[in-house]
Amino acid sequence: MSTVYEQRVAGIAGANPDAALSPAELAAKYGLSVSGKRPSLPSYTRQLWSRRQFITAFATARLIAMYTAAKLGQIWQVMTPLLNAGVYYLVFGLLLGQSRGIPDFIAYLCCGVFVFQFTQSAILSGTRSITDNLHLIRALHFPRACLPIAFTVIQLQQLIFSMGVLGVIMLVSGQPLTWHWLLVLPILLLQSVFNTGLALIMARIGAKTTDMAQLMPFVIRTWMYLSGVFWAVSTFTAKAPHWAAILLNLNPALIFNDLMRYALMTSVPASILPSHVWLITAGWALVFGLGGYIFFWRSEEEYGRG
Amino acid sequence: MDDLVKDPVTGETLVALTPEQIERRELLERERIERAERQAKVGHIPTVIVDDIHIVYKIYGAGVGKGSATSALSRIVSRRTSPALTEVHAVKGISFTAYKGEAIGLIGSNGSGKSTTLSAVAGLLPVESGAIYTDGQPSLLGVNATMMSDLTGERNVVLGCLAMGMSKAEVKAKYQDIVDFSGIQERGDFVSLPMRTYSSGMAARLRFSIAAAKTHDVLLIDEALATGDTAFQKRSEDRIRELRKEAGTVFLVSHNNKSIRDTCDRTIWLEAGHIRADGPTEDVVKEYEDYMKSR
């Protein structure tokens, strides 16, 4: 179907060899693609890789902007995790007396709080990463996975501040500096992959179901209580039925917490870790990282529509 | 009647065309033929094919507000769709083909489906039926596309360019040009202030400058120039011409008929979701103006 104008232009340009083609044939002939179609997984990955500088620049810019409205500015990077640990110490260490039976409770608690905080904030910001940036999505074209990934990078950058604080807390509370501390690097790498996957999954769900943003804090709090942040999970796995104990021990957040404690604290023995712990952790990271990425990509063309 | 003149383009008899008007029409026609010949040399290559598209907006909760919590719950449980679902059939069967090097104006009264059509071409709105084929990824430049309002203009430029797929080195090389083009530094050091402090015109100028820094195969401009001042409009029209020379296709939605006349050689007139006219800008805009006057 061509209009009068097109026919006239075609007339000036000489006989139009394409006049007999249907729109779909014409598109195929000149290699046009359907607008807004989802790219294949390899080409999507290539596009994403070419935006790696965007992801890091976006994360840095957001991190700087995060505290610009506060008078103390970047000090909050360090204050937030400290205050968090302080509140939990007050409630669980002093008021409820959970510290009985756990040696070096402050170090134990801070480790759990900071490590879980990383996963928690990755999920929360991932859930909002699409809905809060609709204007950016509608203004510019880029692989949408950039956003949840960038928000996980922001959380990682914040965690690095927290880890500095944690290191000081460890040394002050009397933990020696050992070669074991180097284990932090592989643990953080695996946890970052795991969190990115979770953020991608939550981003897709949050983009479709906006109610998710209201629900997630409750889900996360439940998960936190199950992940041995304030107490040793072994106190209730000992009484639980065998299958429940296995399930509780496979909880990835618990594994990341315990691994980090094992790396940083001499008072935490390797025996608290399940057998094949590195294999399980790598498995979690791989399943969630890859699965989350594919899950997010499958809805790529729909983000920002509405 | 001796002021009956034959239209040099269509051969139709027109009433009261002054010699100046005839001259202008002939000039425009010559330009158009030159352009067509140029196109014939590079080949008549389509960049956007729109094939009989229909677009329907589905709006939930219209009329009855959000509904009570209990009715929302019972809907979820019984899996019924909201009774308040309203459908708006915004675009009703539009077809056209755009070619390399064309600048196409889209005109029509408010709510005629212009912006909807552009969003669909950009791939941001799903079509109910029909299909849109494009060469590469079209870039849509809308009037309300705010970027990152809590970040400075400088960061917006850098992030915007990186998001469009430029490398850090390219951004560095183009940064000054973009800021100069936008002209936001004319009133002081605005580029280091957060974008939320900009006036709507300044923000629109910066956005256009960022988007125009890259060569686009297909650039869709939705009223984005309307808020700029005259000097900026002139600059951006020149930039649009350059983009066309680089063999891209430009679509422009505007209520400013002058800027359509100055930048576009072809115009599509939409009314109530249908194409009312598609042809040389001069003819279509004239027809449109007459129609609007008669209303």
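A nonpolar core is a set of buried Ala, Val, Leu, Ile, Met, Phe, Trp, Tyr and Cys residues joined through C-beta atoms within 7 Å. Buried means that 20 or more other C-beta atoms lie within 10 Å of the residue's own, with C-beta atoms placed from the backbone. In this predicted model, the largest such core has 144 residues. A:A150 and B:L220 have the most contacts inside it. Helix α6 of chain A (residues 105-129) gives the largest share of this core, twelve residues.

Take B:L220. Leaving out residues up to four places away in sequence, B:L220 touches B:L118, B:V121, B:A122, B:P138, B:S139, B:L140, B:L141 and B:F251. Contact here means C-beta atoms, placed from the backbone, within 7 Å.

Now the rest of chain B. It has nine helices and eleven strands. These are DSSP runs numbered from the N terminus: H or I of at least four residues for helices, E of at least two for strands. Of its 295 residues, 44% are buried. Among contacts in chain B with a separation of 6 or more, 70% join residues 24 or more positions apart.

Helix α9 of chain A covers residues 184-208. Of its 25 residues, 18 are buried. The expected span is 1.5 Å times one less than the number of residues. That gives 36 Å, and the end C-alpha atoms are 36 Å apart, so the two agree.

Last, confidence. The model scores ipTM 0.73 and pTM 0.77. Chain B has a mean pLDDT (the predictor's confidence in each residue, from 0 to 100) of 79, and 79% of its residues reach 70 or more. Residues are numbered from 1 along each chain as its sequence is written, and chains are lettered from A, ligands numbered from 1, in the order in which they are written. Local features need pLDDT of at least 70 and side-chain atom pairs 80 or more, while totals for chains, interfaces and linings use all residues.

Definitions and conventions. Buried ≥ 20, exposed ≤ 12 C-beta atoms within 10 Å, placed from the backbone. Contact = placed C-beta atoms within 7 Å.
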